[in-house]
There are 2 protein chains.
Amino acid sequence: MLIRKYTILVYLLIVSFSPLFGQHQLTLTNEEEKEIKQGETVELFSNSVKAAEKKLAPYLEKGVDVPTPKDLAGGYTHSQHKKNYFLMQKAGVLFQITGNEAYAEFIKNTLEKYSAQYKNWDRHPSKKSYARGKIFWQCLNDANWLVYTSQAYGSIYSWLSPKERKKLNNELFRPMADFLSVETPRFFNRLHNHSTWANAGVGMIGLVMEDEDLVQKALYGLPITDEKVKDNDGGSITKEGQKEAGFLAQIDHSFSPDGYYTEGPYYQRYAMYPFLIFALALENQQPSLEIFKYREGVLLKAVDALLQQTNASGEFFPLNDAQKGMSYYSRELQLSLALGYYYGKQDKGLLGLIKEQQRVPLNYAGYIAARDINKGLAQPFKKHSIYFSDGPKGDKGGIGVLRSDEVELIMKFSQHGMGHGHFDRLSYSLNFGKEEVLQDYGAARYVNIHQKDGGGYLKENKTWAKQTIAHNTVVVGKRSQFKGNVKKADSISPEEYIFSTDKENVQVVSAKESNAYQEVDLHRTLVLIKDSSFENPLVLDLFNVQLDTAQLLQLPYHYHGQLMFSSVDLQRATTLKPLGEKDGYQHLWNVAEGEVKGAFNQINWFDKHRFYTLNMATTEGESITLAELGANDPHFNLRRDPSIILNKQGQKGDNWMVSILETHGSYSTVTEASKNTYSTIKDVFISFQNNEYITVNFTNKQNEEWTFILSTVDNSDVKEHQLSLKDRVIKWDGPFVLFKNEIDQ
Amino acid sequence: MLIRKYTILVYLLIVSFSPLFGQHQLTLTNEEEKEIKQGETVELFSNSVKAAEKKLAPYLEKGVDVPTPKDLAGGYTHSQHKKNYFLMQKAGVLFQITGNEAYAEFIKNTLEKYSAQYKNWDRHPSKKSYARGKIFWQCLNDANWLVYTSQAYGSIYSWLSPKERKKLNNELFRPMADFLSVETPRFFNRLHNHSTWANAGVGMIGLVMEDEDLVQKALYGLPITDEKVKDNDGGSITKEGQKEAGFLAQIDHSFSPDGYYTEGPYYQRYAMYPFLIFALALENQQPSLEIFKYREGVLLKAVDALLQQTNASGEFFPLNDAQKGMSYYSRELQLSLALGYYYGKQDKGLLGLIKEQQRVPLNYAGYIAARDINKGLAQPFKKHSIYFSDGPKGDKGGIGVLRSDEVELIMKFSQHGMGHGHFDRLSYSLNFGKEEVLQDYGAARYVNIHQKDGGGYLKENKTWAKQTIAHNTVVVGKRSQFKGNVKKADSISPEEYIFSTDKENVQVVSAKESNAYQEVDLHRTLVLIKDSSFENPLVLDLFNVQLDTAQLLQLPYHYHGQLMFSSVDLQRATTLKPLGEKDGYQHLWNVAEGEVKGAFNQINWFDKHRFYTLNMATTEGESITLAELGANDPHFNLRRDPSIILNKQGQKGDNWMVSILETHGSYSTVTEASKNTYSTIKDVFISFQNNEYITVNFTNKQNEEWTFILSTVDNSDVKEHQLSLKDRVIKWDGPFVLFKNEIDQ
């Protein structure tokens, strides 16, 4: 780390004498501006310019209101200040691109209104945040303001008179940069997406004002102190043993080497903007820093990671706290896509996404993307099976995404995800086409909907959405992982065991977790099997819970749709009671129960146009509970979603839960024709198991049989294995093998 | 009626000597066949020919299996015989259009297989139906077979040798026609959509074979007997006082003068085929009958009525027993659309729908439709506010559909709808764009899905879906209308009171019902109000229940989505119990309850991208119950749908329930921007009420006020009214008036 720092200091010495540093425009250099003005008209870009002009038009003459800060999010003063910075940023690029001074005047006038009042503003009256802003209730929003407004200021800096600049520098921007940094050090030095905005804002205004002190603070943070303070959303302010701060440290700590962002894609989408916009400013003003190559180009890898973490509708996987439905069509993605294309590998799939967005950011990368789309270079964006390691060094577990045909499986064994993390280790969710099959609940929140607690996180986010039972993973003893302790969960991560996607017919993701429960080892292996005997890829699930003492194990499946058939005789309750008292169980109604009979059981359901069957290898004493969400939810904050829970009285030693989820058949309400409404699977069973191996067999109605063997202790890809099964000797390399048995078996 | 019969007899005398009667082709005459062969190639038609050829190709050489009947619906023999008649019908028109004799051979060979076995087949072994078939478990399906196969037979009749014809006539078709008529008289003479197939089949084969006896039976039925028998789906076989039978009687009794079909659009879609295909055969073979002009062209009116009873996705309103999602994209609609266009008024909107279907039936109307689409004549199909009277004379209540912008309101006050009717008088359902806002549950059935009781009607169809509480209408004393007695409900209908759609800003539908409950008069008026002060049209609901004795009144609203805000303090139950023991209440969980406070209350919810608020004028003692479906549903046959129930302790005399449902605002999970999440309505109250009038006032947040006055006793359009309100004298004509009050009020 020291080497890196010195290298950059040397860069900075060179950079500060470079001619580029004399430019103040952050996102569009003089040269780029010139090229765009002189270049061909490109439809998508000129449409985006027109759209921005249209937004500005109503304000160019009359200006905007700059009210005394007072309201929370959703209130008038909050919305107005937010609107102001968006308008100024747009006006800045429009001034550069069109040369129309009305835009510059608009920015100048607005800034002067801020300048006249800023010194009189104390911290915001609301005390909700640990880091109260001046313009807004929290510093995060003040930092947003600065990130956008510094761009506007940079665009007109050379146009302003030295006197005007000096006044704004001294009365508005330097005080604001100081306020967000030295006067709010806990916020500025925190390794957190909110603070990245502060680092970026302070750095960007520093670049505009040629204030090297601010740029240094932005890049490296303030000296580290050792305070133990909690955020208003529950996370710790300072990381244990944190030694670095500032923008580069944010890059180091926020992304894994694969570009995975530990809070998950929903927050990454929001977090990417300050990373990329400051990076763009640095690239323009201090190109020798080569920020887009920093950590082997992790910022651009993060763009691709974000896009790969979307479903067939472009919606981000709702991992951790995430509102479902947020997608790569979000405004925040525009910059990511354009920079990802231009500074990355010119992936034509990104052009495909940009084309769908029908707009580009008003910078050079946006211009080039629009030009290349005009040339017809856009292609569909391709998604594939992919592994994302978590942690700065990539050694803190990760996310495994398996894709085959229309099936998309996401297994999560990453770090906890800090304040926005869920206790969901080894859970998985499943999509088929654009539909959720097994859902991750996402967050219990209605962002910006006032009725629901002002749009903030709801109490049920903590009591339900974060709990283990809310996820498709085993709950031991009816308690959430780490007993719901964020700090403990943050301190240690699960381990990747297998991620193998070389063979299209058998893709495997497997991980182990030994800390979530005391003296309990969890090991889950998910296998996506593609075989012409089945309509769609199958999901084989091998979940082992190693116990020191007997404990109840519960494996929920959060499905959608209508139950069609169950081989387990489910007795519906005549009165509904909650399933428990805490750890999320208090929110589940106990709808029906039934004990399994025999060694193979099926539960079959229907959703939209398809059928799904959970084919389970069962053992006596296991039972099924059907549950529905909604108990102890006084304000109707939870959705009325159903789940199937497999209950198993776990014994000392190994406790395997094995099943195959088959997606099959179809139904049309127009033709009223149904096809393959029952599963093709006839049996699933554990055919062998010892300390080193487990073998699972499954058969279909055509009496074809397959065997899957997993080495539970050796995940080497090259290790040679040998196992005798039914007088046959099976030999294979690597931690698993799938084969179809001979007909005579 | 006598006059009609004689007229037709005269026609038949003429007709039987007409040259056309020498043709045996039912759906495509020699002249039409020639014109198509010689005419230009029309893409949509030739594609439809190709699609049919493709379907036939695998069977031309090897033929089809004609197994001994044994299975129920879904089973092999059932499916095979069904497939056979579809294939033969297609082969017939293909033979006519292409001249390829392989198609004729295919039909001949298949028919000979049937002919060889038919005489040995007894009635089907299953005893589920009151009218067992020979080829299928019920005569309905045998009749289906005959309707399709007679077309195929007609296509090859002249091509066959006289000997071949004679054999098939004597050994297969005449015996089958006798079986479906004289040997199963209760089925053949019933006034019911199933029997229409028998009438059509017998008539069509009669036309092919020039068997006037069969044609007569088909048109006029067999002599009426007076048997009291019940159908397997609960309806009566013979109508009380039924004096007619046969195809023309079916037309008389099935459709109102507006073309409304009393069982509702879901069944009408299915029922239209035999009406139209036999009509087409009659039009071709006996044109002087002018069947498409019969009863002022009611068959073609029925096509338009069917299409107007669809939502923005083309799905039929799920009135009575109906599986949701069935739409005008259904195969059955192809014939309706083409005949509706050609024999009707050449509505270019129908071409628009045919174009969307991307296929046409292989007859002359289909050819002409395809040709006109090729000419670019297709236009979007237009829907509008429309009233459908019910009953053969149009005096048995009806359906009122109000449409304004994206709002679509369906009020039902028709006849009961026989065996498939629901106890839902004065209920309404509401759509916004493609979304249901207040739903009609439809049927409790998963058609053709084996898991759900073989795909037939589920027990819960009777215990829930048909009950009054399952609909958006008042339940008196927790009992369903007519105490659930179909016969009583069938015997008398509600009365239309107002249907007024001349003024776009205030459309009214109003009806009265005095028989559903003893000594209870129900009167509901729904007003669709469009005003620039509101984002979307409002639904003002004035529901009066006149009681002789105090009784509990409950008005449910079956909504979708998530509760957002309630001015009523709703206490959620900690244990869920059913709301009652019978009449559908046993299926509702009592989720929450709260007493209203004050004279105005709001319940606000969110679904997909919009907000909805029920703004209620309330009086002390009223309460709100929130319910969810699913209690006493051992096989998980019901959906988990929610409802809001307004409870009012009704007193002797008038009991008004008045509310305004506002659709407002928007939310996007991509921008996370919310707009107008609360209702604009500030107050709704009854400002005056006596024996003749009720006036309702409502105000919005901008303090604008409106008054709606309804005459509750005089529905004359020309009657002049005068009323003094707050020292103002209001004068108007007709049964209602809406006005905006002066600002000083």
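Predicted model: local features only at pLDDT ≥ 70, side-chain atom pairs only at ≥ 80, totals over all residues.
Which side chain meets that of B:Arg572 in a salt bridge? Keep that one in mind while we get our bearings.

Start with the symmetry. Turn chain B by 180°, with a shift of 0.0 Å along the axis, and it can be laid on chain A with an RMSD of 0.0 Å. That is the relation of a two-fold axis. If you want to find the axis from the side of chain B, look for B:Leu576: its C-alpha is the nearest in that chain, 2.4 Å from the axis.

Now for the place where the chains touch. Chain B puts 53 residues into the contact, and chain A puts in 53 residues too. Of the interface residues of chain B, 100% are also interface residues in chain A, so the copies meet through the same surface. Between them the chains bury about 4400 Å², with 50% of that on carbon and sulfur atoms. On the chain B side, B:Arg572, B:Phe636 and B:Arg640 lose the most area to chain A, and together they make up 19% of what that side buries.

That brings us back to B:Arg572. Its partner is A:Asp633: the two side chains meet in a salt bridge, at 3.3 Å from N to O. Side chains of opposite charge can pair when their charged atoms come close. Across the interface of chain B and chain A there are two salt bridges by the rule used here.

Next, zoom in on chain A by itself. Its domain assignment gives domain 1 (1–23 + 42–254), domain 2 (260–383) and domain 3 (387–740). Take the pair formed by domain 1 of chain A and domain 2 of chain A: their C-alpha centres lie 21 Å apart. Domain 1 of chain A brings 44 residues to the contact and domain 2 of chain A brings 41 residues. They bury about 3500 Å² between them, and 70% of it is on carbon and sulfur atoms. How many salt bridges cross the interface of domain 1 of chain A and domain 2 of chain A? The rule finds zero.

Salt bridges do turn up elsewhere, though: a search of the whole structure finds 58 of them over all chains. In chain A, the side chains of A:Arg479 and A:Asp583 meet in one, at 2.8 Å from N to O. A:Arg479 lies in the loop between strand E6 (475–476) and helix H18 (486–491) of chain A, while A:Asp583 lies in the loop between strand E13 (571–572) and strand E14 (588–595) of chain A, so the pair ties together parts that are 104 residues apart in sequence. Are these two residues buried or exposed? A:Arg479 is partly exposed, with a relative accessible area of 26%, and A:Asp583 is buried, at 12%.

Chain B has a salt bridge between B:Asp583 and B:Arg479, whose side chains meet at 2.8 Å from N to O. Here B:Asp583 counts as buried at 11% relative accessibility, and B:Arg479 counts as partly exposed at 25%.

Another pair in chain B is B:Lys608 with B:Asp607, where the closest N and O atoms are 3.6 Å apart. B:Lys608 is partly exposed at 45% relative accessibility, whereas B:Asp607 is buried with a relative accessible area of 11%. Back in chain A, salt bridges can also be linked into a network, as with A:Arg174, A:Asp178, A:Asp211, A:Asp213 and A:Lys217.

A:Ala245 is buried, with a relative accessible area of 5%. Leaving aside neighbours within four places in sequence, its contacts include A:Asn189, A:Leu191 and A:Tyr220. The C-alpha atoms of A:Ala245 and A:Ala218 are separated by 8.8 Å, although the two are 27 residues apart along the chain.

Finish with a helix. H6 of chain B covers residues 139–156, and at 1.5 Å a residue its 18 residues should span 26 Å; the end C-alpha atoms are 25 Å apart, which agrees. Of the 18 residues of H6(B), 18 are buried, so this helix is largely enclosed by the rest of the structure.

Notes
Residues numbered from 1 in each chain as written. Chains lettered and ligands numbered in written order. Heavy atoms only, no water. Helix = DSSP H or I, 4+ residues; strand = E, 2+ residues; numbered from the N terminus. Expected span 1.5 Å × (residues − 1). Buried < 20%, exposed > 50% of the residue type's maximum accessible area, 1.4 Å probe, protein only. Least-squares fit on C-alpha atoms with pLDDT ≥ 70 in both. Contact = heavy atoms within 4.5 Å. Domains from an automatic or database assignment. Buried area = accessible area lost by both parts, 1.4 Å probe. Salt bridge = Lys/Arg side-chain N within 4 Å of Asp/Glu carboxyl O.
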